[in-house]
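Subject: Structure handover

Hello,

Here is the structure we spoke about. Please open it alongside this email and read the notes with it in view.

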Amino acid sequence: MFDPIIISIGPLFLPLSLIVAVCSMFLSVWLAEKLSPEHKHVRRTVSDWLPTAMLIALLVYKFGPALFNLKEVWHNPAMLLYMSGTDTSVLLAALLVVSWLAWKTVHSPSPWAAADVMAVSGLLTFLVYNALFKDLGETTSVWWGRGNGDYRYHPLHVYRVVLLLPLLVWIFRNWKRLESGRVFGEVALWIGIVYTLTSFVDYRTGGLLLGLTIEQWIGVSLAITGWVFNMIRGRKKGGTG
């Protein structure tokens, strides 16, 4: 189990967690394409898109803060070399990458199967990340809390692994029998639910937006996306049957 640290790669300062997430994503995509019931149609689709998606994410994460400090960058361009990402640049990078991947998926030969591959690879990456990196929430008195000294904290990473691991097992046991697109809907729904539930015992550092934190809105959005996706797939299946 690792604590969050920063690694210097030339002029870049990247979190170890980000490097592990990128490596896990490449391995997860390769595995998901290989195990997909429609591997002949999705082989070298998501894996071909991934390098471009990672490049977009890296550039936006690294240089995104410059968009909010244009005056300083104009007077001192060298600061771009030592600029590091922020929470805002992470959200901006995620939005652009998701939009680009969605566009590629819609225009792919087998959109539903490609969506399933991305869902499984995302779930695998999410589980690996939470298995390797601690994410502690609010203080607690429960015996399974993690921490040193007099204080214990909710182990959010453990909660996520325990709640999502059964979903991964279910997918690998039933993927070949499921219609294309079902896996994507289930993964989005359950990751959204689990992320939202664990966020209620997370330590809050920011304000609320309409009664929810940013993390809770992300979880709710994912859950709604999965629910709507399953509804659409169910109606199309019913209409063709």
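The notes below go from the overall fold to the core, the rings, the salt bridges and the surface.

This is a predicted model: local features need pLDDT of at least 70, side-chain atom pairs count only at pLDDT 80 or more, and totals for chains, interfaces and linings use all residues. Numbering runs from 1 along each chain as its sequence is written, and side-chain values use heavy atoms, with hydrogens and water left out.

Overall fold

The protein chain has 9 helices and 4 strands. Both are DSSP runs numbered from the N terminus: helices are H or I with at least four residues, strands are E with at least two. Along the sequence the order is β-β-α-α-α-α-α-α-β-β-α-α-α. Of the 241 residues, 37% count as buried. Buried means under 20% relative accessible area, exposed means over 50%, and partly exposed is in between (1.4 Å probe, protein chains only). Take contacts (heavy atoms within 4.5 Å) between residues at least 6 apart in sequence: 63% of them join residues at least 24 apart.

Core

The largest nonpolar core has 29 residues. Such a core is a set of buried Ala, Val, Leu, Ile, Met, Phe, Trp, Tyr and Cys residues joined through side-chain atoms within 4.5 Å. Val120, Leu123, Leu164, Ile171, Val183 and Val187 touch the most other members. Helices α1, α3, α5, α6, α7 and α8 each supply at least two residues. Helix α6 gives the most, with 9. Leaving aside residues up to four places away in sequence, Val120 touches Ala32, Ile171, Phe172, Trp175 and Val183.

Rings

There are 3 aromatic pairs in the structure. Rings of Phe, Tyr and Trp (its six-membered ring) pair if their centres lie within 6.5 Å; planes under 30 degrees apart are stacked, over 60 edge-to-face, and the rest tilted. Tyr129 and Phe133 form a tilted pair, 5.2 Å centre to centre with 35 degrees between the planes. Tyr129 is partly exposed at 33% relative accessible area. Phe133 is buried at 3%. Ring pairs also link Trp112, Phe184 and Phe229 into a cluster.

Salt bridges

The whole structure holds 2 salt bridges. The test is a side-chain nitrogen of Lys or Arg within 4 Å of a carboxyl oxygen of Asp or Glu.

- Asp135 and Arg160 meet at 2.7 Å, N to O. Asp135 lies in the loop between α6 and β3 and Arg160 in helix α7, so the pair ties together parts 25 residues apart in sequence. Arg160 is buried at 7% relative accessible area, and Asp135 is partly exposed at 26%.
- Glu186 and Arg182 meet at 3.0 Å, N to O. They sit 4 residues apart in helix α8, about one helical turn. Glu186 is buried at 12%, and Arg182 is partly exposed at 28%.

Surface

The accessible surface of the protein chain is about 14,500 Å², and 67% of it belongs to carbon and sulfur atoms. Areas come from the Shrake-Rupley method with a 1.4 Å probe; for residues, only the protein chains shown count as cover. Ile224, Trp227, Val228, Met231 and Ile232 form a nonpolar surface patch of about 440 Å² together. Patch residues have over 30% relative accessible area and no salt bridge; like charges are joined within 9 Å, and nonpolar side chains (Val, Leu, Ile, Met, Phe, Trp, Tyr) within 5 Å. Met231 is in helix α9 (residues 214–240). Met231 is partly exposed, at 31% relative accessibility.

Best regards
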